[in-house]
Amino acid sequence: MTTYHLDLGDNRTEALDSVTQLTLAGTELDIDAFAACDAKAPVPLWGDVVLARGGSRHQATTA
């Protein structure tokens, strides 16, 4: 299983507990399979994703 981090810039990250329910252009996708396939779209795609924060939270994320 892949560990995902939220990039806060300036060399700061926050580890996420989970990344689920990735939906691109109305189609739900498995996040791990999508990340592994190195997909490239000819245009930016709209979508949604659910990010669950863990117990170790960075101040920059909360702000």
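## Burial and contacts in a predicted model

Of the 63 residues of the protein, 16% count as buried. The model is predicted, with a pLDDT that averages 85 and reaches at least 70 for 98% of the residues. Where pLDDT is low, predicted coordinates should not be read in detail.

The protein contains two helices and four strands, arranged along the sequence as β-β-β-α-β-α. The table lists the elements at the two ends of the confidence range.

| Element | Residues | Mean pLDDT |
|---|---|---|
| helix α2 (lowest) | residues 59–62 | 78 |
| strand β3 (highest) | residues 27–29 | 91 |

The C-alpha trace spans about 35 × 25 × 20 Å along its principal axes. The accessible surface comes to about 4,900 Å², and carbon and sulfur atoms account for 52% of that area. Among contacts between residues at least 6 apart in sequence, 58% join residues at least 24 apart. The side chains include 4 positive and 9 negative ones, and the centres of the two sets lie 8 Å apart.

Glu-14 is part of strand β2 (residues 12–24). Glu-14 counts as buried because its relative accessibility is 1%, and buried means under 20%. Beyond its neighbours within four places in sequence, Glu-14 is in contact with Tyr-4, His-5, Leu-6, Leu-8, Arg-53, Ser-56, Arg-57, His-58 and Thr-61. A polar atom of the Glu-14 side chain lies 3.0 Å from the backbone nitrogen of His-58. The C-alpha atoms of Glu-14 and Ala-60 are separated by 9.2 Å, with the two residues 46 apart along the chain.

Technical notes
Residues numbered from 1 in each chain as written. Predicted model: local features only at pLDDT ≥ 70, side-chain atom pairs only at ≥ 80, totals over all residues. Heavy atoms only, no water. pLDDT = per-residue confidence, 0-100. Buried < 20%, exposed > 50% of the residue type's maximum accessible area, 1.4 Å probe, protein only. Contact = heavy atoms within 4.5 Å. Polar contact = N/O pair within 3.5 Å; in protein donor to acceptor, adjacent residues only side chain to side chain. Areas by Shrake-Rupley, 256 points an atom, 1.4 Å probe, with all protein chains shown as cover. Lys, Arg positive; Asp, Glu negative; His and termini not counted. Charge placed at Lys NZ, Arg CZ, Asp CG, Glu CD.
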